[in-house]
Amino acid sequence: MKAVVLKKTNGPTGLVIQEIDTPQPAAGEVRVNLKASALNRRDYWITLGKYPKMQLPCVPGSDGAGIVEAVGDGVDSGMLGSEVVIYPALAWGEEQSSYGPDFRVLGMPDQGTFAEAICVPAANVYPKPAHLDWTQAAAIPLAGLTAWRATITQAEVNAGQRVLITGAGSGVSTFAILWCLHHGAQVYVTSGSAKKLIAARRMGVAGGENYHDPDCYQKLHQQAGGFHTVIDSAGGNALNQLLDTLLPAGRFVFFGATLGNPDNGLEMAKLFFRHIRIQGTTMGSNDEFAAMLAFVAHHRITPVIDQILPMEQAETAHQLMANFNQIGKIVLLNN
């Protein structure tokens, strides 16, 4: 079968299209004929070698949707022909509070979704919401799940709350906006791009400010009157300003730290006097994935997609990820 293979960690130019052996499902597995896959920031970092325990060559990709075309021993043959979305990881474990020691994301070291087919445990495929096409379905898994756990599980966002989501335009932040809006929350955003702020307003957010403005967070606090939750992926020196926007008992939930640690430390007194919670989060469980897809189907939600490219243009797709200009997801479509 055809696959995207990362040969060298010299950036997206290390990706090549080549023929590899079609995988055969082991006991308890299914093989999915992939119709579409989607990129995440993780995939770009892997091309640079900036990921733990790198193993080359590898087939990257965590997001995928397609049709079950073969089943292994012990799997109900009735699954053949099912249109499915793939849970983007393996071995979450038994606990919902955190993943177990064997947890890993698809796409290095295990084969990923940038290929014509993939074998995964039968328990890791879920019915594709009927209103979604293949590209829309493939856009959801990793970013949608990360945002779901951050907003719904950890932050417990619900109707009437006010939520600040930083870095509008990224895949995860775009899903966080969708989940919060469809749960009845009032959403505000930050971005360094006027185009992304306009796009967020079109999605239905109540307000947004450019984070390059030194008064950004003060303005947002004044507009909203404070936030019940902040969803962040950057960290850095804005951390204490973001914490200042929270209402008493507010939650700061973060799933990344692209700007590193704050140079000015953490103002601890402000946290305990105001009962502020800081919660880290990563990915999500199979149960959360199922709940997210059911929510998508019930509300007929469609993800935001920036561009759709053929799998043969995987290198170009990864180059697009490098400049942070996309709004929503970049998707690869198989012929």
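Analyst: Let us begin with a term: two strands are said to pair if DSSP finds at least two bridges between them. In this predicted model, strand β4 (residues 63–71) and β5 pair in the antiparallel sense over 3 bridges.

User: OK, switching to helices. How many residues does α9 have, and how far does it reach?

Analyst: Helix α9 covers residues 286–299, which is 14 residues, and from its first C-alpha to its last it reaches 20 Å, close to the 20 Å expected at 1.5 Å a residue. Just after α9 comes Arg300, which takes a positive phi of about 55°.

User: Which residues of α9 are buried?

Analyst: The buried residues in α9 are Asn286, Glu288, Phe289, Met292, Leu293, Phe295 and Val296. As background, an α-helix has 3.6 residues a turn, so residues three or four places apart point the same way.

User: What covers those buried residues of α9?

Analyst: The cover includes the strands β5 (83–86) and β9 (125–127), together with the helices α3 (141–154) and α4 (171–182).

User: What about Ser285, where is that found?

Analyst: Ser285 is found in the loop between β15 (277–280) and α9.

User: Why does Ser285 count as buried?

Analyst: Ser285 counts as buried because its relative accessibility is 0%, and buried means under 20% relative accessible area. Leaving aside neighbours within four places in sequence, Ser285 is in contact with Tyr87, Trp92, Gln96 and Leu145.

User: Is Tyr217 buried or exposed?

Analyst: Tyr217, found in helix α6 (residues 216–224), is buried, with a relative accessible area of 9%. Not counting residues up to four places away in sequence, Tyr217 touches Thr190, Tyr211, Ala238, Gln241, Leu242 and Thr245.

User: Last topic, the surface. Which residues make the nonpolar patch?

Analyst: Phe254, Leu266, Met268, Phe272, Phe273 and Ile278 make a nonpolar surface patch of about 610 Å². The largest share of this patch, 3 residues, comes from helix α8 (residues 268–273), and Met268 is found in that helix, α8.

Conventions: Residues numbered from 1 in each chain as written. Predicted model: local features only at pLDDT ≥ 70, side-chain atom pairs only at ≥ 80, totals over all residues. Heavy atoms only, no water. Patch = residues over 30% accessible without salt bridge, like charges linked within 9 Å, V, L, I, M, F, W, Y side chains within 5 Å. Areas by Shrake-Rupley, 256 points an atom, 1.4 Å probe, with all protein chains shown as cover. Salt bridge = Lys/Arg side-chain N within 4 Å of Asp/Glu carboxyl O. Helix = DSSP H or I, 4+ residues; strand = E, 2+ residues; numbered from the N terminus. Expected span 1.5 Å × (residues − 1). Buried < 20%, exposed > 50% of the residue type's maximum accessible area, 1.4 Å probe, protein only. Contact = heavy atoms within 4.5 Å.
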